[in-house]
Amino acid sequence: MNDSMFSLLWTFVWLCSMGFLVLSCGDPIINNNTSGNRNNQANANQNTTATTNNNNTSGNRNNQANANQNANQNVNNSNTNSNTNSNTNGNSNSNTNGTSKTTYHKDVRAILVKSCEGCHYKDGVGPFPLTTYQETKAFSSLIKKAVQSRIMPPYPADSNCQEYRHNPSLSQKEIDTISRWVDEGNVEGSPADYKKPDNLARNIGLSRVDMTLTMPTAYTPAVKDGNGKPITDDYRCFVIPWTKKEDVYVSGFQIKAGNAALVHHVIAYVSSSKNAEKFKELDRKEAGPGYRCFGGPRGSAQWLGVWAPGKPGGDYPKGTGILVRPGSVVIIQMHYNTLQKKTGPDQTSVQLKIDKKVERQAFFAPIASTGWKIPKGMKNYKHNKVMKNPAPVPLTIHSVMFHMHLLGTSGGLTLHKADGSKTCLLNIPKWDFDWQFAYDLKKPILALPTDKIGIQCVWDNSAENQAVVNGKRLKPRDVTWGDGSTDEMCLGVLYVTP
Ligand code: HEC
């Protein structure tokens with residue numbers, strides 16, 4: 001990319017951070033979640049017998065099951081082929097031959113590696129690892145239930161809209177294989193029979209960790225604001241100087257949460273060297289580690305990576321990365337929630353994959369639509385907006401994320417071409433706050449400056465759909481854009497290259 005293009009893009013990023021193009025590009029992708037949903041996950045983490053969601057007060061969990069059912073049904077139609085090819089190879093031999101039983105190594109392991117291990121590994125977001133025979137056997141009846149009901153693997157995107165890489169959804173045949181294995185008594189079989197799946201459904205974390213940025217000291221999230229008023233959400237930014245002496249590209253991102261039960265989201269930003277001092281100053285001016293940063297890092301900085309509930313870390317699309325120049329600082333924005341858990345010290349790390357060169361420099365481009373008001377009590381409030389493409393140059397869209405809060409029920413993003421045709425980028429038929437993935441497009445899509453981007457958000461603001469806080473369901477109220485748990489957002493984030 002030549003220099004003038006580069007500066008155009010920086011203008012884009014800058015405008016963005018000044019709030020001209022979208023209300024708030026630095027808005028956290030995840031916000032205060034008072035539903036107790038996230039807590040289920042934390043509970044599950046501790047309670048590896050994983051009975052279904054003891055503590056769920058939100059009612060969202062049910063939605064989740066439905067969400068996954070619907071989404072997966074769609075997914076299944078279009079994916080049966082690839083799944084069958086890659087994962088059930090061994091099956092037909094073994095199962096038509098009535099004498100041999102379904103075994104872990106021959107039939108089940110490859111399915112788990114493809115569709116489950118990306119989250120269910122030792123430090124993964126899944127509550128227990130499913131990486132060995134013993135681990136899998138221990139949870140086998142739960143596994144059968146979870147796959148038959150299509151609660152697992154979670155996958156809210158509609159794949160009739162687009163095809164995405166790393167789609168973990170199971171074909172009916174794979175579900176049947178797992179169920180049969182459980183019914184036949186969890187036979188282990190011989191490791192020699194294992195055939196590695198052709199492509200993994202998910203990156204299991206980063207393919208390489210080249211740099212680890214850790215919060216300088218542990219921080220204990222505040223439970224009172226500056227005026228002594230109790231708070232349950234603490235947004236804190238930590239500034240870490242960038243030590244590399246030459247231009248490099250961040251080509252993958254993951255989080256190691258210090259105190260996972262308290263961490264609701266993490267966004268890492270990178271500033272230019274010009275702005276670095278401003279962030280250091282914010283840090284210096286405030287007592288204790290870091291500084292308060294509700295809503296954004298309080299200055300102009302670009303997204304480097306984001307971690308949200310349910311989102312395992314991983315490599316960015318191949319050949320792409322985010323440029324970081326010498327003299328920058330990285331700002332790690334932590335959103336802590338202490339609603340269900342007592343506060344305690346956290347020292348989270350960001351792990352990065354770094355390349356000296358990439359084929360294409362990438363940017364996160366937030367697409368936000370604001371200015372709506374969801375009337376209290378309204379069950380099915382739709383907001384649709386078609387916006388000008390803010391970029392002055394053609395952009396290739398590689399990956400799509402979408403974000404609403406707890407009242408969201410469905411939504412998505414569409415590219416409107418100048419010739420009037422439309423391309424669906426992402427459709428989430430049943431929104432679920434717990435599963436917010438980055439969807440990598442199988443075929444990246446070109447967006448021209450003359451194209452427009454449409455965003456749709458649908459919310460349910462009826463009395464029955466309100467978040468439950470401390471065991472009490474909140475009363476409906478008119479809801480607008482905001483960072484608070486009971487505010488809403490209508491936000492898409494595109495990972496693009498010029
Ligand atoms: C995107 C990450 C992710 C993937 C992929 C995934 N899981 Fe999970 N799984 C989780 C999380 C997080 C939980 C705990 C929260 C919950 O139950 O919603 C969970 C919970 C479970 C449970 C406990 C369910 C219960 O009833 O409490 C089982 C069993 C399970 N997963 C099996 C699987 C299997 C089998 C696969 C693959 C076919 C899979 N998971 C794929 C993240 C994942």
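**Helix packing and loops**

Tutor: Begin with helix 7, whose buried residues pack against helix 6 (133-138) and helix 8 (172-183). Helices (H or I, at least four residues) and strands (E, at least two) are DSSP runs, numbered from the N terminus. A residue is buried if 20 or more other C-beta atoms lie within 10 Å of its own, exposed if 12 or fewer, and partly exposed in between, with C-beta atoms placed from the backbone. Residues are numbered from 1 along each chain as its sequence is written. The model is predicted: local features need pLDDT of at least 70 and side-chain atom pairs count only at pLDDT 80 or more, while totals for chains, interfaces and linings use all residues.

Student: Which residues of helix 7 are buried?

Tutor: An α-helix has 3.6 residues a turn, so residues three or four places apart point the same way. In helix 7 (residues 140-148) the buried residues are Ser 140, Ile 143, Ala 146 and Val 147. Seen down the helix axis, the buried residues of helix 7 fall within an arc of 120 degrees, so they line one face; the arc is that of the directions from the axis to the C-beta atoms. After helix 7 comes Arg 150, with a positive phi near 60 degrees.

Student: At what angle do helix 7 and helix 8 pack?

Tutor: Two packed helices are described by the angle between their axes and the distance between the axes. Here helix 7 and helix 8 pack at about 155 degrees, and their axes are 9 Å apart. Axes are lines fitted to C-alpha atoms, for helices over the stretch in contact, and angles run from 0 to 180 degrees between N-to-C directions. Helix 7 and helix 8 are therefore roughly antiparallel. Angles under 35 degrees count as roughly parallel, over 145 as roughly antiparallel, 65 to 115 as roughly perpendicular and the rest as oblique. The crossing of helix 7 and helix 8 is left-handed, the term for a near helix turned anticlockwise from the far one by less than a right angle, with right-handed used if clockwise. On helix 7 the contact involves Ser 140, Ser 141, Ile 143, Lys 144, Val 147 and Gln 148, and on helix 8 Ile 175, Ile 178, Ser 179 and Val 182. Two residues are in contact if their C-beta atoms, placed from the backbone, lie within 7 Å.

Student: How do helix 5 and helix 8 cross?

Tutor: The axes of helix 5 (residues 104-115) and helix 8 come within 10 Å and cross at roughly 130 degrees. That makes helix 5 oblique to helix 8. This crossing of helix 5 and helix 8 is left-handed. Tyr 104, Asp 107, Val 108 and Ile 111 of helix 5 meet Glu 174, Thr 177, Ile 178 and Trp 181 of helix 8.

Student: Which residues have the most contacts inside the largest nonpolar core?

Tutor: In soluble globular proteins, nonpolar side chains tend to be buried together. A nonpolar core is a set of buried Ala, Val, Leu, Ile, Met, Phe, Trp, Tyr and Cys residues joined through C-beta atoms within 7 Å. The largest one has 88 residues, and Leu 304, Ile 331, Ile 332, Val 400 and Leu 426 have the most contacts inside it. A second, separate core of 18 residues includes Cys 119, Phe 128, Met 152 and Val 182. Over the whole chain of 498 residues, 48% count as buried.

Student: Where is Pro 153 found, and what kind of peptide bond joins Met 152 and Pro 153?

Tutor: Pro 153 is in the loop between helix 7 and helix 8. The bond between Met 152 and Pro 153 is cis, with omega about -10 degrees.

Student: Is Asn 186 exposed, partly exposed or buried?

Tutor: Asn 186 counts as partly exposed because it has 18 C-beta neighbours inside 10 Å. Asn 186 lies in the loop between helix 8 and strand 1 (211-214). Although Asn 186 is not glycine, its phi is positive, near 55 degrees.

Student: Which residues is Pro 326 in contact with, leaving aside neighbours within four places in sequence?

Tutor: Pro 326 is in contact with Lys 244, Lys 245, Glu 246 and Ser 273. Pro 326 is found in the loop between strand 8 (320-324) and strand 9 (329-337), and counts as exposed, with 12 C-beta neighbours inside 10 Å. Pro 326 and Lys 245 are 81 residues apart in sequence, but 5.2 Å apart from C-alpha to C-alpha.
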